[in-house]
Amino acid sequence: MPEIIETVVSTALVENNLTEQKLIQLEKDYKGLALKPITNDEELEVAMVAKRDLRTTRTTAVKICKAGREDAI
């Protein structure tokens, strides 16, 4: 049974483009960002885009995994 649920969750993650390559790309794009005061609009835009991308990826993954666990119960 756990194997079936793992397969369902893995398939759903791939369907929503949450693959290992996507996570590696996010790391490449945003790993160099540092917590520092934002001094201009360009830095603000970069920070906002990073926050949005990471939040979207995280919440999508959490929703998919929760749905997979609910199916198991």
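**Labels and their cut-offs**

Q: Why is E27 called partly exposed?
A: E27 has a relative accessible area of 43%. Buried means under 20%, exposed over 50%, and partly exposed in between (1.4 Å probe, protein chains only). E27 therefore counts as partly exposed.

Q: What kind of model is this, and which limits apply?
A: This is a predicted model: local features need pLDDT of at least 70, side-chain atom pairs count only at pLDDT 80 or more, and totals for chains, interfaces and linings use all residues. Residues are numbered from 1 along each chain as its sequence is written, and side-chain values use heavy atoms, with hydrogens and water left out.

Q: What makes E27 and K31 a salt bridge?
A: Their closest N and O atoms are 3.5 Å apart. A salt bridge is a side-chain nitrogen of Lys or Arg within 4 Å of a carboxyl oxygen of Asp or Glu, so the pair qualifies. A search of the whole structure finds one salt bridge.

Q: Why is K31 called exposed?
A: K31 has a relative accessible area of 63%. The cut-off is over 50%, so K31 is exposed.

Q: How many helices and strands does the chain have?
A: Three helices and zero strands. Both are DSSP runs, numbered from the N terminus: helices are H or I with at least four residues, strands are E with at least two. The order is α-α-α.

Q: Where is L44, and why is L44 called partly exposed?
A: L44 lies in helix 3, residues 41–72. Its relative accessibility is 36%, so L44 counts as partly exposed.

Q: Why is A34 called exposed?
A: A34 has 52% relative accessibility, and therefore counts as exposed. A34 is found in the loop between helix 2 (20–30) and helix 3.

Q: Where is K66, and why is K66 called partly exposed?
A: K66 is in helix 3. Its relative accessible area is 44%, so K66 is partly exposed. K66 and V9 are 57 residues apart along the chain, and their C-alpha atoms are separated by 9.2 Å.

Q: What share of the chain is buried?
A: Buried residues make up 16% of the 73 residues.
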